[in-house]
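Have a look at the sequence and the model, then read the points in order.

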Amino acid sequence: MATRSYTSRRELEQHSFPPAVALLVPLGAILLQALLPRPFPRFAILDLPLIVTVFFAVSRRNPVAGTLTGAAIGLLQDALTAQPIGVNGMAKSVIGYIAASIGIQIDVENLTTRVLINFGFFLLNSFLLFLINRRLLGLTNYHILWTHELLRAAINTVVALPIFFLLDNTKRRE
Amino acid sequence: MESFLTRFKNVLVLVAILLAQTIGLAIQVRRPVESGAPDSGQVTLLRYWAVSIVTPFERFFHGIGSNVRGGWANYIDLRHTRQQNHDLQEQIARLRLEQAAFAEDAIQGHRLQALLDFQQHYVSTTVAAQVIGTSGSDLSRLVYIDKGAKDGLKPDQAVITPDGVVGKLRDVFPHTSQVLLINDQTSGAGVLLTSTRIRAILRGSTTGRIQINNLTPDSRIKPGEQVLTSGGDQVYPRGLPVGTIESIATDPDHQPYTLIQLRPAANLNQLEEVLIITGTQPALPLEAQRDLAKGASTAEAQAAAAKAAADEQAAEAAARSAAQIVADRLPSMHDPDHPETNDIVKTAGAPAVAAPGGVVPHPLPTLHSDRYTPGSTPSATDLKPGGGENTPASNPASPSTTAPANPPSSTEKARKPKTQTTPAPNSEPQQPPNH
């Protein structure tokens, strides 16, 4: 009779990444995000930094690491915009935390799960940005167009899947 | 306590980070009073670090892209260049004429402005820059250019393209600057509606459209009206094109104001090169003055040419009437019995009239040949000695329209010449045959 021992998902599948990957991939995502909309204005609908934040958070399965990764990426993204620094930082910190917490509970290698979490996190990001801009910053003319946000979430989900697949190869299993 | 921290470590870290960022946000939104204004020193420093990390890569990729595009455009894709050059030459010629038309008005306008002691500011110096990157977010309409404080740029300087207003400089770093586009939600500009001369405030929006929402309904404002900068905001010089009114609707958020949507004059989504206005002056720049003088001289030349053409036309008309009188008096050119031939005569006579005295009118082809018709004379071998009846007339009369409807054959003509020599009432008296 086979013996079974209890091991949590976190212990089983906690991944880490080489420092170069952990540093260069978010930087590359922010750089691409800044470069692509110039020749292709439609690419502004993408949010590559958010895709990277979600990927690192669910792969590391560590809420503290997810929060810090999200905060760092969001703050760097904010520094390139005209918005006050911290808008994206706060939103991505929350998303990093939740993504890492979900990663502990469910199998995030599954394709369907990835579709759902990406779609959900993009909608959550839009909602958090709306809250921060409208409530914290008091921008009364800030509106959210839900049809546009749904479309944005769908497009980003489609783009996120191959990126997740590529980044899977950079994982360092422990 | 230790167990509490260990147990809630994750949540505490999240709360601490959110709290720190909230405080940071509170400090930032307190500092700049005006929307779209540059940040405080500390925030600018943070942005400067971020920009310093990102812009070298942006410059690198932009350089590669520019070289590839330049190589393609300058060496490979030169098809249709000749045709384009031809079209552009034609366009220049057309624009010269347009410029000439406007020059007179402009000179008059300047004269009136001088009389009224009106202080107009003209763009005197600009710095050209290339767009190297964007903010990467469609919630923040901002682009980066490759010129900065070292090139003489300062915050709040206006950025334009030849098509119209683009935005203004926000944060200026040593070698890079941020351009806040006019369609950003924090942007604003004082504008003037061209036909109605109504002043308004233009704002960007979260959707990236530019709009005016401080005007009450006015039936004079119509879609298609052009909007220019008014110069009242002390950022954009007066008279720069901003856009065209696209739609007018009631503003649901601010009753009873209207929401006027504009289509920007400059293509804000595909910016490549921009001009930063670094200086203005009360008088027209030298180059513009030269252009104006050239336009005025072109206008004078045009007027002189028009006058010469009018004189020539008048002379031509006078000559034409003289030629017409002569043509009417010529009996061989006019026969009331055959008006259809008169029309032909008149038509054929037209070129001769156009150049009086210069062209000899050609004889018309013969409608009904007779013995007087050139070429109908029998050859010398056919002539018999003493056959005076066969001798052709010495006067190859004009293609007289007195010929009968069914002309006889040449032999018949030889036999009965007298029947054909009856002069017409209006025709020239014919000479007797030369025996």
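**Notes on chains A and B**

1. Let's begin with strands in chain B. Strand β6 (residues 188-193) and strand β9 (residues 226-229) of chain B pair in the antiparallel sense over 3 bridges. Strands pair here if DSSP finds at least two bridges between them, and the elements themselves are DSSP runs numbered from the N terminus: helices are H or I with at least four residues, strands E with at least two. B:L193 has B:V227 of β9(B) as its bridge partner.

2. Before going on, some housekeeping. This is a predicted model, where local features need pLDDT of at least 70 and side-chain atom pairs count only at pLDDT 80 or more, while totals for chains, interfaces and linings use all residues. Residues are numbered from 1 along each chain as its sequence is written, chains are lettered from A and ligands numbered from 1 in the order in which they are written, and side-chain values use heavy atoms, with hydrogens and water left out.

3. Back to β9(B), which also pairs with strand β10 (residues 241-250) of chain B: 3 bridges join them, and they run antiparallel. Here B:L228 sits opposite B:P241 of β10(B). As a general point, side chains in a regular strand alternate between the two faces of the sheet.

4. Is B:N213 buried or exposed? You'll find B:N213 in strand β8 (residues 210-215) of chain B. B:N213 counts as buried because its relative accessibility is 18%, and buried means under 20% relative accessible area, exposed over 50% and partly exposed in between (1.4 Å probe, protein chains only). Beyond its neighbours within four places in sequence, B:N213 has contacts that include B:R203, B:D251, B:H254 and B:Y257; a contact means heavy atoms within 4.5 Å.

5. Chain B also has a nonpolar surface patch of about 480 Å², made by B:F4, B:L5, B:F8, B:V11, B:L12 and B:V15. Patch residues have over 30% relative accessible area and no salt bridge, with nonpolar side chains (Val, Leu, Ile, Met, Phe, Trp, Tyr) joined within 5 Å and like charges within 9 Å. A salt bridge is a side-chain nitrogen of Lys or Arg within 4 Å of a carboxyl oxygen of Asp or Glu. Areas come from the Shrake-Rupley method with a 1.4 Å probe, and for residues only the protein chains shown count as cover. Helices α1 (2-7) and α2 (9-30) of chain B each supply at least two of the patch residues, and α2(B) gives the most, with 3. One residue in α2 of chain B is B:V11, which is partly exposed at 37% relative accessible area.

6. Now chain A, with 7 helices and 2 strands. Along the sequence they follow the pattern α-β-α-α-α-α-α-α-β. Of the 174 residues in chain A, 53% are buried. Chain A exposes about 8000 Å², of which carbon and sulfur atoms supply 67%.

7. Where does A:L46 lie? A:L46 is in the loop between α2 (19-35) and α3 (48-60) of chain A, yet A:L46 counts as buried, at 12% relative accessibility. Not counting residues up to four places away in sequence, A:L46 touches A:Q33, A:I155, A:N156 and A:V159. A:L46 and A:N156 are 110 residues apart in sequence, but their C-alpha atoms are 5.8 Å apart in space.
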